[in-house]
Amino acid sequence: SSTYKMGGARIRIDNIRAPKYQQHQSRQFVPSFDWTIMAKTFPYKCDLEIGCPTEEYSEKIKRVMEVDQELGDRVIRTYQLDGRIMKVSFQATEAKMLRVSVSTFYDYLNVALKCIQEFDS
């Protein structure tokens, strides 16, 4: 577990998992959520916890970040609020796609935090 500070938020990375081998499977989108298929199709996972000063602050960040959807069907990003903590979970078909998605998320999060700090009254 690692903790970082970005803007007014604390970010804790809880869990990064990768399988021991890379699976080469069809990358077709599965419309229904069968979790056994999800585990096989999206074996790479990263969970983030972002602590904010207030619940209102975490809600604002979540609303801003939810607007940008993942491109393609190789990464799934989900949000959950737990009081002041925003939990973000990433699941990906490839390690590279997970890295790109998390990196892009951090870039957008940084911009969102700076905007909220600058313009929030």
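What is the accessible surface of the chain, and what percentage of it belongs to carbon and sulfur atoms? In this predicted model, in which local features need pLDDT of at least 70, side-chain atom pairs count only at pLDDT 80 or more, and totals for chains, interfaces and linings use all residues, the accessible surface comes to about 7900 Å², with 51% belonging to carbon and sulfur atoms; areas come from the Shrake-Rupley method with a 1.4 Å probe, and for residues only the protein chains shown count as cover. Residues are numbered from 1 along each chain as its sequence is written, and side-chain values use heavy atoms, with hydrogens and water left out.

Three helices and five strands make up the elements of the chain, in the order β-β-α-β-α-β-β-α from the N terminus. Helices (H or I, at least four residues) and strands (E, at least two) are DSSP runs, numbered from the N terminus. Of the 121 residues, 37% count as buried (under 20% relative accessible area, 1.4 Å probe, protein chains only).

Strand S3 (residues 44-51) is mostly covered, with eight of its eight residues buried. Tyr44, Cys46, Leu48 and Ile50 point one way from S3, whereas Lys45, Asp47, Glu49 and Gly51 point the other way. S3 runs antiparallel to strand S5 (residues 85-92), to which eight bridges join it; strands pair if DSSP finds at least two bridges between them. Within S5, Phe90 stands opposite Cys46.

The pLDDT, the predictor's confidence in each residue from 0 to 100, averages 77 over the chain, and 66% of the residues score at least 70. Confidence is lowest in strand S2 (residues 9-17), at a mean of 57, and highest in strand S4 (residues 75-82), at 94.

Definitions and conventions: Buried means under 20% relative accessible area, exposed over 50%, partly exposed in between (1.4 Å probe, protein chains only).
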